[in-house]
Amino acid sequence: MVAATYFDRSAAEAADAADPLAAFRDRFLPHGDDVVAYLDGNSLGRPIRAVRDAWLDLVDHQWGQRLIRSWAAGPSGGWMDLPETVGNELGAAMLGAAGGQTIIADSTTINLYKAMRAALALRPDRRVILIDRDNFPTDRFVVESIAREFNYEIRWVAGDFVESIADDVAVVTASHVAYHSGYIADVAAITARAHEAGALVVWDLCHSVGAIPIQLDAWDVDFAVGCTYKFIGGGPGAPAFIYAAARHLGQLRQPLWGWLGRRDPFEMEQNYIPAGGIRSMMSGTPTIPGILAVREGVRLIGEAGIDAVRAKSVALTEMVLTMYDAVLAPLGFELGSPRDPARRGAHVTIRRADARELTAEIIARGVIPDFRTPDGIRLGLSPLPASFTEVWDAVEIIRQVAVG
C-alpha cells in the first residue's frame, strides 16, 4: 500500500492504483447508480458475485434435481455436513481455530445464549457475570435474561476490564471490537486474567471477524460467537457461528436441545444424548442458503488473506483520520474511535450533536454510513469492496453537508 497524506483526491487515486487487493472489488455485485460510497459494510456487507452462482446451483441442482437427497453425504458432501465443514473453513481462514471447534448455526443472539449457559454450567459454584456497559444491546440483554432467570449477579464494567476481573467471577463476556467506537479489546490479556481468576470467557466477534486477524486457539479463548453478514458478506439474516475450545468439548451442557444436536438424530430415539464434539452446540435445522453464502465469503477472504485485508483496513481508516483532522474537526466533529491503529477496528465513528440529521442528508447525497445514538456517524470501511477514492469522495460529501 502506498504511503500518502490523503489530503487530496489524487493521493486516494494513487492508493487505488497501488492497492494489491483492488481486483477483489470486481468480485462484488455493483451497487445502484444512486450510491456514491457504501460505508455500512460493518452492518451489512455487499453481495458477492459468487453467492448468486451458489444459490442458483442450490435451486437448480442441489434442491431442484437431488431434492431431499442433498441432505445426505455425497461425493462432495451433503447439506447435513455443511455446518461443520464451513465452520472449519471459517475457523481456518479467520479465527485461528483448529478444526472441530467451530460450527455455523442459528443467530448470534441464540449462540451467545448457548455459549453463556454452557460456560456458566462449567463454573457451578460461582454466581457473577462480568460485562461492560457499552457492549452491544443483544449481549447485554442476553446476560440480563440469564441473570434474571437463574439468579446470577451482573457486574457492570465501566473502566479497566482486566482490573475488574475478581476471583468470584464465573464468566466474562465482551466484544473483540466495540460496535460504537471500533475499539479493539486485548483478547489475550483479558482471557489470561479471567483464567487466572478461575473464570471463563465468551467473546463476541461480530465486528472483527473478516476484518481483523483473530487467534482463538493461541489466545486460549473458551467460547466465541459472531455473525457472518458484515465483513464476511453472508447476506441479510445469514447464520452465525459458535466456537468452543476443544478442551471443553465432551463436557458441555448447552440449554437448547434440538434434534440435530443429538447423537444419531435420524434414529429418532427417546431422551436427549448430545452429539460428540462441536455438533453438540447445534439445535435445529441449518439454513442451507445462508451457509452456502457464508462459504463464498470465507473463500474470498481466505483467498485475499486476512493479514492483507487488515493492512488495507488500517490504510483506509488512516486516510479517514487524516481527512477528519483536516476538514471535519474544524466543523465541530469529534472523533469517537481510537487514533492508534492497533486499537482501532474497521470503522471510524465521528460525532456531532446533529449527527442524526446529518446522516439523513448524507444518505440523500449517495453516501451510506449508519447513525448510532446519541451522536455518532459510523464509517464502515469494508476492505475488499471499498476503494480509497470512493471513501475520499464520501468524506468530502460529509464535509459539504456539514458546512450546510
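Modeller: The largest pocket has a lining of 22 residues, and those nearest its centre are Asp132, Asp134, Ala178, Ser181 and Tyr183. Keep in mind throughout that this is a predicted model. Two elements each give two or more residues to the lining of this pocket: helix H6 (161-164) and strand E5 (169-175). The volume of the largest pocket is about 580 Å³. Sorted by class, its lining has twelve nonpolar, five polar and five charged residues.

Searching the whole structure gives two cavities of 30 Å³ or more. The largest cavity holds about 110 Å³ of space. It is lined by 17 residues, and Phe28, Phe231, Ser382, Leu384 and Pro385 are the closest to its centre. Helix H8 gives the most to this lining, namely three residues. The lining of the largest cavity divides into ten nonpolar, five polar and two charged residues.

The second largest cavity has a volume of about 60 Å³. Its lining consists of Tyr38, Gly41, Arg46, Gly380, Ser382, Pro385, Ala386 and Glu390. By class, that is three nonpolar, three polar and two charged residues.

Now the packed parts. The largest nonpolar core has 53 residues, and Leu95, Val172, Trp203, Leu205 and Leu384 touch the most other members. Helix H8 (residues 288-304) supplies the largest share of this core, nine residues. Leaving out residues up to four places away in sequence, Leu205 touches Leu95, His176, Ile214, Leu216, Ala224, Val225, Gly226 and Phe241. Leu95, in that list, is itself among the core residues that touch the most other members. There is also a second, separate core of 33 residues, and Ala37, Val320, Tyr324 and Val395 are among them.

Aromatic rings are another thing to look for. The whole structure contains four aromatic pairs. In one of them, Trp71 and Trp79 have ring centres 5.1 Å apart and planes at 90°, so this pair is edge-to-face. Trp79 has a relative accessible area of 9%, so it is buried, while Trp71, at 24%, is partly exposed. Phe136 and Tyr179 form another edge-to-face pair, because their ring planes stand at 90°, with the centres 5.1 Å apart. This pair joins distant parts of the chain, 43 residues apart: Phe136 is in the loop between strand E3 (128-132) and helix H5 (137-150), and Tyr179 is in the loop between E5 and helix H7 (187-196). Phe136 is partly exposed, with a relative accessible area of 33%, whereas Tyr179 is buried at 16%.

A few places in the backbone also deserve a look. Most residues other than glycine have a negative phi, and most peptide bonds are trans. The peptide bond from Thr373 to Pro374 is cis, with omega near 0°. Pro374 sits in the loop between strand E12 (370-372) and strand E13 (376-380). Asn151 is not a glycine, yet its phi is positive, near 60°. Asn151 lies in the loop between H5 and strand E4 (153-157), and it is exposed, with a relative accessible area of 64%. Asn271 is not a glycine either, and its phi is also positive, at about 70°. Its place is in the loop between strand E8 (241-244) and H8, and Asn271 is exposed, with a relative accessible area of 64%.

One last pair shows how the fold brings separate stretches of sequence together. Pro124 and Ala170 are 46 residues apart in sequence, but their C-alpha atoms are 8.1 Å apart in space. Pro124 belongs to the loop between helix H4 (108-121) and E3. With a relative accessible area of 55%, Pro124 is exposed.

How values were computed:
Residues numbered from 1 in each chain as written. Predicted model: local features only at pLDDT ≥ 70, side-chain atom pairs only at ≥ 80, totals over all residues. Heavy atoms only, no water. 1 Å grid on protein atoms, 1.4 Å probe; cavity = no way out; pocket = protein on both sides within 12 Å on 5 of 7 lines; lining within 4 Å. Points joined across faces, edges and corners; volume = space filled by probe spheres on them. Helix = DSSP H or I, 4+ residues; strand = E, 2+ residues; numbered from the N terminus. Nonpolar A, V, L, I, M, F, W, Y, C, P; charged D, E, K, R; others polar. Core = buried A, V, L, I, M, F, W, Y, C linked by side-chain atoms within 4.5 Å. Buried < 20%, exposed > 50% of the residue type's maximum accessible area, 1.4 Å probe, protein only. Contact = heavy atoms within 4.5 Å. Phe/Tyr/Trp six-rings, centres within 6.5 Å; stacked < 30°, edge-to-face > 60°.
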